[in-house]
Amino acid sequence: LRCATTPCPAWPPGVAPGVKHGAWEPYRAAIRRAAAADGIDAMLFVDADGAIIDGDRALPVVLLDGDIAYAPGPDDGAVASVTLDAVRPSLADAGIELRHGRLTADMVAAARALVLLGSGVGAVGVSEVDGAAVGDDGAVVGDDGAAVGDGTALLAAARTGLRAAGYHCDS
């Protein structure tokens, strides 16, 4: 997928960031902007400091060297993700440690992989953000067909976790 960034929505007074609140119009508007943009598949919300805090319909998760994955959590402004909770065991089984934290531009630039994770989209890899390539080039595939040795391990582990949790996953 190719993504672009857009400023975070301003929530109505009294609505704390990071909670499911029913005020989804800013998310729907971002989906419409992505659809209208040539070659953009999804929008990523960035805060005033440029950190990615959420996606228009899925949570961004980055894999850095050392097999550590980061996803923004409610303290970072993201909506709490039940889908992320569902794949947490499969990430651990794949040797990927999951932490919550702000996804800075430097982290995304250095990422081995960036995956969007959500109940509606499953787990999909991101190849580009704002025109800049993201992640490793090419995959090393093991005898069992699973990706090893590069960033696609995050995508494979997430899809395994989604299937185990009963989510439909095309890939």
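Select strand 7 (residues 113-118) and strand 8: four bridges join them, and they run antiparallel. Helices (H or I, at least four residues) and strands (E, at least two) are DSSP runs, numbered from the N terminus; two strands pair if DSSP finds at least two bridges between them. This is a predicted model, in which local features need pLDDT of at least 70 and side-chain atom pairs count only at pLDDT 80 or more, while totals for chains, interfaces and linings use all residues. Residues are numbered from 1 along each chain as its sequence is written, and side-chain values use heavy atoms, with hydrogens and water left out.

Within this pair, pick Val 115, which stands opposite Gly 125 in strand 8.

Next, show the open sheet of five strands, whose order is 6-5-4-7-8, with mixed pairing. Strand 6 (97-100) and strand 8 (122-125) are at the edges with a single partner strand each, so one side of each has no neighbour in the sheet.

Angles run from 0 to 180 degrees between N-to-C directions, with axes fitted to C-alpha atoms, for helices over the stretch in contact; contact means heavy atoms within 4.5 Å.

Finally, go to helix 1. Its buried residues are Tyr 27, Ala 29, Ala 30 and Ala 34 (buried: under 20% relative accessible area; exposed: over 50%; partly exposed: in between; 1.4 Å probe, protein chains only). These buried residues pack against strand 2 (42-46) and strand 3 (52-55). On the other side of helix 1, select Ala 35 and Ala 36, which are exposed.
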